[in-house]
Amino acid sequence: MSIALSHRWTILSRAFSRTAPRQTAPTLALHLTSRSTSESVDFVGNTTQLNSPSDRLIFESESEDYASVARHSAPVTISTMSRIEAELPLRLPEPVVSDTAVFEDISSEDYASLRISLRKPPSTTIQALEGLIRAERHREAWAFCQEMLSSGIEIPRSNVYGIAAMAVLASNDLPEKEQLSRFSLWLSLIPSAREDQGHDHKNIVLMRRRIFHGLQPTIALAIKFSLIMASKGYAELICPEAMTFITRFSLPSVSLRFIKDFLNYDLAYVIDLYPKPEEGLREVDDEVRLRRLQELAHLVQKPAIETYTRSGEFAAAVSLLPNSKDPFRLSSRTYELLLSRLHHTRVGSFSDYIDLVEKLRQDPTYYEIPRTPSYVEVDTNWHTKTSHLKALEKELDSQSPFYMGDSLSHQLRYILDRIRLSELSAPELVIFFSDYLDSERTTAIMRLRKLALGRNWPTGSIFLYAEMSYYLNQAFYPLVLQTYMNHFYCSGVPEQELAAAIHHFEANEEVDRSHPAYSVKQSRSIRRWIPTESHTDLVWHALARAAPARRDVDNLYHRFIRYQLRIREKNPPEDETRSSFPPSIEHPIGTSVFTVFLSRLLRPDEPNRVSEFFHDMEKVGVNPTIHHFTLLVTFYVHIGDLKRVFSIVHILEQAHPVESPIPMQLSLETVHGQRPEPGIPIPDVVFYTSLLGALVEHKYLQEAQEIRRLFNHRFIHIKYLHRPLDIGFIRLKQLQHEVDQQRVRLTGFLRRTNCLFLLY
């Protein structure tokens, strides 16, 4: 029996070790599944029922304690969002900084990279945003600003956001659309002129300079900046640059829409300044509108009309003229400029426009009576640049150790008077530059440049043209390019080409910089100017002449043609706005640029390349001038192709026959500054002079005499009026004398030879 009892306890112990754990309170509360306590597992893993009543004795009974636990252990669905919505407010309150016990120590090294200011931590989100901007952490400031706006937090206006807008302009790693978006947002957060009275608006002036006078300004950015500034009451501050820039370098449809929006934004701001009466509001708005329109006429319509006129966009210019609905006044200068261009244009007929402008100019409602300033006012305005005048007086004072001498002082006083009267002459300036720099002086040129640019644009333009012309004549090509970069937009010239050439000259140690011209201070203009055709031509001349080898000139010429063809394409982008700054489509191509390329690329072994040049001129819209034909006939003389020479001469003569000769000074007076007419050009004095000189040089006597006959048939020769022509006639006589002498000697030789033959 003891053996049987022992065997039974062994089975029970094994079965107990195989059973699942009891269902205790934690098991029930968590609803963990477990095996039934009435099951057991045998040695082979089969489940058997333990039906013996004595088996229950080894388990605890299900008492009331377990029952209560089981009743309260039903699953409960917990929702975090519902609890947050029920217990937390919609917006958390600002932290109380005074209770520092709940914060960690901000001086810890863990916070060194996140610390905004060492003085005190920000107490509000607005101060935190401004602190990030002042710390120049602009990426974090932008992300923080976006979070604040998405959360509905209103950001008060502050000048600090002008710093962030400037940083966006200075960044080069942002895509164009992203840059425009960020700049617009930051700019919209600066205060208006009414809210910011008493400040100097330094950031606005810096942004204006960077947008309109930077190396790569964009039209879209300029338009957005101008409209935001107009809506904030800064229209008069940015008008002078905005109107000229946008109307010059965008399509008329874009710029006209911009002018309309600009005036509407400014008018909305001005009307908002007036108190709103309960009745008669419409009448007050109309009165304010007319008054404001007249105030802005000289800042908006006047520069826009003049810019459209110079670009040949007469329809756009006429659309901005005053009318009965918008009765503002324009100056006589604006009307005369528009009339002059309408009368002299050769493309289309504008008789209706001419009649309208004449009618407006005679109506005092639309015509501003000019006020002639007194001499005292003019003289006072002239002496605003007292520092430059005082510096020049040291060189003009005969008692000063810096006195330049009687001759130079006389020239300098004359130039100063011409600048004051706005009557500069480029040839006179070039002569002065030559004489003055030959004396190894440099101060006056920088001072005169400042005075000329500060006087007005025509005076400054003539001065810069004369300075660049002097550098080009002296083969100081780096100075030509540097002067252009310092004062002009890169219009009509590829900026990459210009920058690469300047970098090449700066890195080239073989360039001789010993001349005093390289010591003249080259300072950048405060504002950049729109170049004329003459300024752009000088740059291309410098680039072509500075090319060391013919292959370099050839490559430059092909880049020039591709560039001119690209800017002549009139297919605007989809938004009708050229986002990146281009040269103006209307920028005229100087005819003299082809002259310098012809002179360097024409070679005797490639005579047939002439047709390529004239074909390229036709593609880019340039009419061949008499200068190109002059260069062409002299080239044919040098290679001995006289048949082509006289073929060209006869074509020119037949296209412009004359009945009687005219005084030659009439031809010389129209050489400079006259735009070539379409068709075959008229042969002038310079054409005959150059051809005669080339024929005499190569000993073609009969052909030279024929050219002289044609000249006398067309012009009346006046001695000492054109020195090269006088020299050509003298050399022709010398050649005639040499030929006669050779003929006499040859005749004598033949006679002697004949006599000897008879003797034998």
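A residue counts as buried when its relative accessible area is under 20%. Keep that cut-off in mind for this predicted model. F258 passes the test, with a relative accessible area of 3%. F262 is buried too, at 0% relative accessibility.

F258 and F262 form one of them, and the pair is tilted. The ring centres are 5.7 Å apart, with 50° between the planes. An α-helix has 3.6 residues a turn, so residues three or four places apart point the same way.

Another pair bridges two helices. Y688 lies in helix α33 (residues 685–697), while F711 lies in helix α34 (residues 701–714). Because the partners are 23 residues apart in sequence, the pair ties together separate parts of the chain. Both Y688 and F711 are buried.

Rings also gather into a cluster. Ring pairs link F183, F212, F225, F245, F249 and Y489. F249 has a charged neighbour as well: R248 lies over the face of its ring, 5.5 Å from the ring centre. Elsewhere, the charged end of R708 sits over the ring of F729. Here the distance to the ring centre is 4.5 Å.

Now turn to helix α17, residues 351–362. It has 12 residues. From first C-alpha to last it reaches 17 Å, close to the 16 Å expected at 1.5 Å a residue. Which residues of α17 are buried? They are I354, V357 and L360.

Finish with a loop. S158 lies between α6 (138–150) and α7 (160–170). Is S158 buried or exposed? At 14% relative accessibility, S158 counts as buried, because the limit is 20%. Leaving aside neighbours within four places in sequence, S158 is in contact with E130, L189, I190 and P191.

How values were computed. Residues are numbered from 1 along each chain as its sequence is written. This is a predicted model: local features need pLDDT of at least 70, side-chain atom pairs count only at pLDDT 80 or more; totals for chains, interfaces and linings use all residues. Side-chain values use heavy atoms; hydrogens and water are left out. Rings of Phe, Tyr and Trp (its six-membered ring) pair if their centres lie within 6.5 Å; planes under 30 degrees apart count as stacked, over 60 as edge-to-face and the rest as tilted. Buried means under 20% relative accessible area, exposed over 50%, partly exposed in between (1.4 Å probe, protein chains only). Helices (H or I, at least four residues) and strands (E, at least two) are DSSP runs, numbered from the N terminus. A charge sits over a ring if NZ of Lys or CZ of Arg is within 6 Å of the ring centre and within 35 degrees of the ring normal. Contact means heavy atoms within 4.5 Å. The expected span of a helix is 1.5 Å times one less than its number of residues.
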